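Please look at the sequence and the structure shown here, and keep both in view while reading the paragraphs that follow.

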Amino acid sequence: MKVRRANSKVIVEEAPILVPAVFFAAAVILLVLGVLIDLGLYKHEQPAWAAFLLAAGSLGVAALFLRRDRNVFDQQSGRLTWSRRSLLGSSGGEIPFQDITSITVETQTTSQTIASARLAVRTGAATLPLTRIYSGTAASQEPVALLLRDVVGLSRESLTEDSLRALVDSGRKINAVRLLRIKEGISLAEA
């Protein structure tokens, strides 16, 4: 996730490149290998068409992961403009700041020791994740959440409480307990 300021705007973007680049590189290697097998310059027990088929599959996976999420918090207009683009389609919209009830840190437990986090904007009707993937920790996401809460005009002090309430409301009580333990440094029983 990349956050930057531009005049009266705060822009939060995510455009992962590592996974698509790895699959694209694999596709290029497989194409070269297929051509070498087809020309007889490289002996392999698999036919050239198998390498071409694997290359096509790698290109397909690279295309699936190639995407861009962009969220623009414009203080001047008082609106959040968001867009999600990928090869499979795009979506977007606008949310006036007065409709935003909170900006929270969502956590997802991926193992017993690691909790990944992402930011989400909550309105009375829905929750809009600012990124599709969970990356980083709650502590690394908190400064961005506080910045965005300032831009929108929400209280900085209620970030943890809003985040916990959002996790509980969405049925993710285990993640709420984990976030509380991380933020407060308390035991499992206390949480």
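**A walk through the model**

With a relative accessibility of 69%, I174 counts as exposed, because exposed means over 50% relative accessible area, whereas buried means under 20% and partly exposed lies in between (1.4 Å probe, protein chains only). I174 is placed in helix α5, where helices (H or I, at least four residues) and strands (E, at least two) are DSSP runs numbered from the N terminus. Between the C-alpha atoms of I174 and Q108 there are 9.1 Å in space, although the two are 66 residues apart in sequence.

This is a predicted model, in which local features need pLDDT of at least 70 and side-chain atom pairs count only at pLDDT 80 or more, while totals for chains, interfaces and linings use all residues. Residues are numbered from 1 along each chain as its sequence is written, and side-chain values use heavy atoms, with hydrogens and water left out. The predictor's confidence in each residue, called pLDDT, runs from 0 to 100; its mean for the protein is 86, and 96% of the residues reach 70 or more.

We turn next to the strands. Strand β2 (residues 9–14) contains E14, and this residue counts as buried because its relative accessibility is 4%. The side chain of E14 makes a polar contact with the side chain of R67 at 3.2 Å, a polar contact being a pair of N or O atoms within 3.5 Å, where within protein one must be able to donate a hydrogen and the other to accept it, and residues adjacent in sequence count only if both atoms are side-chain atoms.

Strands β2 and β3 run antiparallel and are joined by six bridges, and two strands pair if DSSP finds at least two bridges between them. In this pairing, K9 stands opposite D74 in β3. Strand β3 (residues 67–74) is mostly covered, with six of its eight residues buried. Eight bridges join β3 to strand β4 (residues 79–86), again in an antiparallel arrangement, and here F73 stands opposite L80 in β4. The two strands β3 and β4 form a hairpin with four residues between them, and G78 in the turn has a positive phi of about 70°.

Finally, consider helix α3. The buried residues of α3 include A138, V144, L148 and R149. Just after α3, G153 takes a positive phi of about 100°.
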